[in-house]
Amino acid sequence: MKSRTTKLAAAVTLLAANAQVSAVGIPTEKPQTMEDMWKIIQAQQQQIDSMTKKLETVAEKKVAGDVSQIERKTDVLTEEVEKLRTQLVVPEKTEYKSAYGLGPAASKVYQVGKGLSIGGYGEANYQARVDDQGGRDADGNLVNPDNADFERLVIYAGYKFTDNILFNSEIEFEHSSTGKGGEVSVEFAALDFFINDMANVRAGMVLMPMGFINQIHEPPFFFGNNRPEVERRIIPSTWREIGAGLFGELAPGLTYTTYVVNGMNADNFSSSGIRSGRQSGAQAKAEDLAYVGRLDYAPDYLPGVTIGGSAYIGNSGQNKLFNGHKLEVTTQLYEAHLQWKYRGLEFRTLGSFGRIGDAAALSAANKTTIGSENYGWYSELGYDILPHIFPDSTQYLAPFFRYEKMDTLASVPVGFVDDLSKDLEIFQIGLNYKPIPNVVIKADYRNFNQKAGKAPDDFNLGVGFIF
Amino acid sequence: MQIHKSVPVVFLLFLLAFWMLPGWAKVFYSKEEAMTLAFGDDATVEMQSLFPSAEQMAEIERLAKVKLESKLFSFYVGKKQDAVIGYAAIESHNVRTKPETLLIVLDPNGNLRQVVTLAFHEPPEYQPPERWFAQLLNHQLEDLSFGKDIQGVSGATLSTRAALNSARKVMAVFQVMLKQPEN
């Protein structure tokens, strides 16, 4: 509207000017005839047409100039916005990159605060014991009370020194307070050196690459409030040791990880298996070393399927004399796993088998029956039902079922008594609900069946998150 | 079983041998390289900025099932001899707390033609393998979902979900803002 008013005013001004200017070329005396009058009118009309044309051209030029100027400025601004957006994550030009990770590209990327990385996860739950709370102890307390626990709060910190050298770590606060039986531990802390796709190096406190849970145990990514017992009692998650090794992709879909680590400490082996023999990088004895390796295959022709296995072998005697004898205590653990994700369905199965050498002598020295063999397996199936109820929903609601079977004393040395309470099967049903992918609310029920003794069943309700 | 202590020394020497191999892994692509990946060496690239109206924003969000964080969207338009050969977008999103940056390329009709990771600032074990992105190609927008044609990958749940969201968003922006109505 303002533009039109401006044009009109300009036109009136010009017409007025035109009237004055026209007097220059037109006789000033009074016309004597109609013909004279007609000539004057024609001359005036020509001048008006000419001036109007000039006026229109000037006005058009001015408007066109304004619009193109605005468009140009908008383009410049949007380009600058896009540049700012993308510059935070990718460099603009190739020449800013460094072939060896220490040059200007790295500086450019990391100057904007991308070097330091903070994350974390946590899980808290309420557990109601059902069926049998195990009576009371001498102080009158229930042996297996209902309980509420902030089980884990884990802070992840990483630093990317260059494109090729990274540090990753997780510091875990378990059971919320060291004053109440909880603990603070470094869950892992390792340097990664990226060399090529097939062979990269990792060194430091490493997570043993066995099973599903030991490496990926953030609460949104497993069913139920508690990790599968097979991946606690047979594969002693979270299992970490000091070591170094290689990881990479040998062929499309075929990945591996292998480390040399300090061995376990057989001094702490028990009828519950090797779990207490983990050294967790706490001034670990390294008289004996161990080797662990893992291979996974995710075939292109079967999207969503991963199949793999891992093996651990190493002596755990740590050059100690057990009842005056040096024992090797060769410890072996093997595991195979399969995972299948298909249209909201998630299936996992895992089997593990272990052997402990010198079990008889070790049992005598540790004054407990230590199994020469142990095993465990489980299968679980979950299905995201929410798309069938609310097709447009991006949330997740999956009921699941899990069956587990394990025995840490699958085979006991001659002369030692089997503890049948270690022969255990668990039936579990539950629900995982994720309002967003990073947050999970879980409810589940576990039914424990031992060959001897009676463990309580439990109902668990909890929350978990990752950020 | 006796496990000889010299074995780890040999293993460490093996590591050292790999260490000394020339050639570091390429983690990042620059934007310049990204455009070459998308359109080749001989194409010209122009930027096209889109400013969706409130109605268009709502329609994009409905189709993509994601919340738009900006009212400005930029496509890089690849051209050869003045003919459009494709549309590329550089999309960044946080996986946990750090960004994953993808190059998402559409053909002139808005079909998903290529998805490449340009940068990944989370630990690399969370990074989906490049071949996983091949699953996304040649699918309709509504089929880009874990409940439908796309299968997840273990260890990269958050990053693959975020990548799916980005692909849907770029396709939805094209459909709402650029797609010519079919005759």
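How many bridges hold strand S4 of chain B and S5(B) together, and in which sense do they pair? Strand S4 (residues 99-106) and S5(B) pair over seven bridges, in the antiparallel sense. Pairing here takes at least two DSSP bridges between two strands. Strands are DSSP runs of E with at least two residues, helices are runs of H or I with at least four, and both are numbered from the N terminus.

A word on ground rules. This is a predicted model, where local features need pLDDT of at least 70 and side-chain atom pairs count only at pLDDT 80 or more, while totals for chains, interfaces and linings use all residues. Residues are numbered from 1 along each chain as its sequence is written, and chains are lettered from A and ligands numbered from 1 in the order in which they are written.

**Chain B: a sheet with helices across it**

Back to that strand pair: Leu102(B) sits opposite Thr117(B) of S5(B). The two strands belong to an open, antiparallel sheet of five strands in chain B, ordered S1-S2-S3-S4-S5. Its edges are strand S1 (44-50) and strand S5 (112-120), each of which pairs on one side only. From one strand to the next, the twist averages 25°.

Two helices of chain B lie across this sheet. Helix H2 (residues 31-39) lies across S1, strand S2 (73-80), strand S3 (83-94), S4 and S5, and runs at about 135° to S3(B). Helix H5 (residues 157-177) also lies across S1, S2, S3, S4 and S5, running at about 40° to S4(B). For these angles, axes are lines fitted to C-alpha atoms (for helices, over the stretch in contact), and values run from 0 to 180 degrees between N-to-C directions. In sequence order, chain B reads α-α-β-α-β-β-β-β-α-α.

One stretch to handle with care is residues 21-26 of chain B, where pLDDT stays under 50 and the model has 14 contacts beyond four places in sequence. Contact means that the C-beta atoms of two residues, placed from the backbone, lie within 7 Å. Where pLDDT is low, the predicted coordinates should not be read in detail. The model as a whole scores ipTM 0.70 and pTM 0.77.

**The two chains side by side**

"Buried" in the table means 20 or more other C-beta atoms within 10 Å of a residue's own; 12 or fewer is exposed, in between is partly exposed, and C-beta atoms are placed from the backbone.

| Chain | Helices and strands | Buried residues |
|---|---|---|
| Chain A | six helices, 18 strands | 36% of 467 residues |
| Chain B | five helices, five strands | 39% of 183 residues |

Chain A splits into domain 1 (2-87) and domain 2 (117-466), with bounds from an automatic or database domain assignment. The C-alpha centres of these two domains of chain A are 83 Å apart.

The largest nonpolar core has 43 residues, and Val206(A), Val261(A), Val292(A) and Leu362(A) touch the most other members. Such a core is a set of buried Ala, Val, Leu, Ile, Met, Phe, Trp, Tyr and Cys residues joined through C-beta atoms within 7 Å. S15(A) gives the most to this core, with four residues. Apart from it lies another core of 42 residues, including Phe73(B), Val95(B), Val115(B) and Val173(B).

Two of those valines also turn up in strand pairing. S5(A) and strand S6 (residues 240-251) of chain A run antiparallel, joined by eight bridges, and Val206(A) stands opposite Glu241(A) in S6(A). S6(A) also pairs with S7(A), again antiparallel and over eight bridges, with Val261(A) in S7(A) as the bridge partner of Gly243(A). S6(A) and S7(A) form a hairpin with two residues between them, and Gly253(A) in the turn has a positive phi of about 90°.

Finally, look at Gly273(A), in the loop between S7 and S8 of chain A. Why does Gly273(A) count as buried? Because Gly273(A) has 25 C-beta neighbours inside 10 Å. Leaving out residues up to four places away in sequence, Gly273(A) touches Arg233(A), Ile234(A), Asn374(A) and Thr408(A). Gly273(A) and Asn374(A) are 101 residues apart in sequence, yet 7.5 Å apart in space from C-alpha to C-alpha.

Conventions
pLDDT = per-residue confidence, 0-100.
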